[in-house]
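Take a look at the chain below.

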Amino acid sequence: MAFDGTWKVDRNENYEKFMEKMGINMVKRKLASHDNLKLIITQEGNKFTVKESSTFRNTEIVFELGVTFNYSLADGTELTGAWSLEGNKLVGKFKRVDNGNELNAVREIIGGEMVQTYVYEGVEAKRIFKKE
C-alpha cells in the first residue's frame with residue numbers, strides 16, 4: 001500500500017489556526033508546530049498500525065478500516081471515529097468526545113509526499129510529510 005513506510009513531517013499549512021480553533025492554548029500551538037512528528041505506517045489487509053513519535057509523545061494506534069475506535073490527540077482531546085479507504089485516500093471521520101464537534105482528516109499521497117488534511121469547524125489545515 002502506498003501509505004506504508006516512515007513519514008517525517010516537512011511543513012504545515014494553516015496548522016496554527018486549526019489548533020486555535022480546536023481550543024489549544026498558544027504555548028502548546030507553538031510547540032506543536034515544531035513537534036518533529038514521525039509516522040511509521042504499516043498495512044495488513046484492512047488493519048493499519050500507525051506508530052507516532054514526536055517531541056511530545058510516542059504512541060501506537062491500531063485500527064481497522066470502517067471500525068470505530070477511540071483516540072487521544074497529543075493535547076489530550078479525546079476523539080471517537082473511524083478511517084475508511086476512498087479510492088487512494090484514507091478518510092477519517094471523528095467526533096470530539098467533549099463537545100460532539102466533527103473533526104475530519106484525509107491522508108493521501110501527492111507527488112511522493114503524504115498530505116494529511118484536517119478540517120474542524122470550517123478551518124482547514126495540512127501537514128505534509130516526506131518519506132524517510
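## Glutamate 113

Glutamate 113 lies in strand 9. This is a predicted model. Is glutamate 113 buried or exposed? Glutamate 113 has a relative accessibility of 13%, so it counts as buried; the cut-off for buried is under 20%.

Which residues does glutamate 113 touch, leaving out those up to four places away in sequence? They are Trp7, Asp10, Arg11, Glu108, Ile128, Phe129 and Lys130.

## The sheet

Strands of a sheet pair through backbone hydrogen bonds, and the pairing is either parallel or antiparallel.

## Strand 1 and its partners

Strand 1 covers residues 5-13 and runs antiparallel to strand 2, residues 38-44. The two are joined by 4 bridges. Glycine 5 stands opposite isoleucine 41 of strand 2. Strand 1 also pairs with strand 10 (residues 123-131), again in the antiparallel sense, over 6 bridges. There, arginine 11 has isoleucine 128 as its bridge partner in strand 10.

Strand 2 is joined to strand 3 (residues 47-53) by 7 bridges, and the two run antiparallel. Leucine 39 stands opposite glutamate 52 in strand 3. Beyond residues up to four places away in sequence, leucine 39 touches several others, including Gly5, Trp7, Val50, Arg107, Met114 and Phe129.

Isoleucine 40 also lies in strand 2. With 34% relative accessibility, isoleucine 40 counts as partly exposed. Which residues does isoleucine 40 touch, again not counting those up to four places away in sequence? The set is Gly5, Thr6, Thr49, Val50 and Lys51. Isoleucine 40 and glycine 5 are 35 residues apart along the chain, yet their C-alpha atoms are separated by 5.6 Å.

## Two hairpins

Strand 7 and strand 8 (residues 102-110) pair in the antiparallel sense over 6 bridges. Leucine 90 stands opposite arginine 107 of strand 8. These two strands form a hairpin with 5 residues between them. Glycine 100 sits in the turn, with a positive phi of about 75°.

Strand 8 and strand 9 form a hairpin as well, with 2 residues between them. In this turn, glycine 111 has a positive phi of about 60°. The pairing is antiparallel and spans 8 bridges. Glutamate 108 stands opposite valine 115 in strand 9.

## Core and rings

How many residues does the largest nonpolar core have? It has 32. Those with the most contacts inside it are Phe18, Leu39, Ile41, Phe63, Trp83 and Leu103.

The structure holds 8 aromatic pairs. A pair of aromatic rings is described by the distance of the centres and the angle of the planes. Tryptophan 83 and phenylalanine 94 form an edge-to-face pair: 5.6 Å centre to centre, with 75° between the planes. The pair links distant parts of the chain, 11 residues apart. Tryptophan 83 is in strand 6 (residues 78-86), and phenylalanine 94 is in strand 7 (residues 89-96). Both residues are buried. Ring pairs also link Phe48, Phe63, Phe69, Trp83 and Phe94 into a cluster.

## Positive phi without glycine

Asparagine 14 is not a glycine, although it has a positive phi of about 60°. Where is asparagine 14? It is in the loop between strand 1 and helix 1 (15-21). Asparagine 14 is partly exposed, with a relative accessible area of 42%.

Glutamate 121 has a positive phi too, near 50°, and is a residue other than glycine. Glutamate 121 is in the loop between strand 9 (113-120) and strand 10. At 45% relative accessibility, glutamate 121 counts as partly exposed.

Conventions:
Residues are numbered from 1 along each chain as its sequence is written. This is a predicted model: local features need pLDDT of at least 70, side-chain atom pairs count only at pLDDT 80 or more; totals for chains, interfaces and linings use all residues. Side-chain values use heavy atoms; hydrogens and water are left out. A nonpolar core is a set of buried Ala, Val, Leu, Ile, Met, Phe, Trp, Tyr and Cys residues joined through side-chain atoms within 4.5 Å. Buried means under 20% relative accessible area, exposed over 50%, partly exposed in between (1.4 Å probe, protein chains only). Contact means heavy atoms within 4.5 Å. Two strands pair if DSSP finds at least two bridges between them. Rings of Phe, Tyr and Trp (its six-membered ring) pair if their centres lie within 6.5 Å; planes under 30 degrees apart count as stacked, over 60 as edge-to-face and the rest as tilted.
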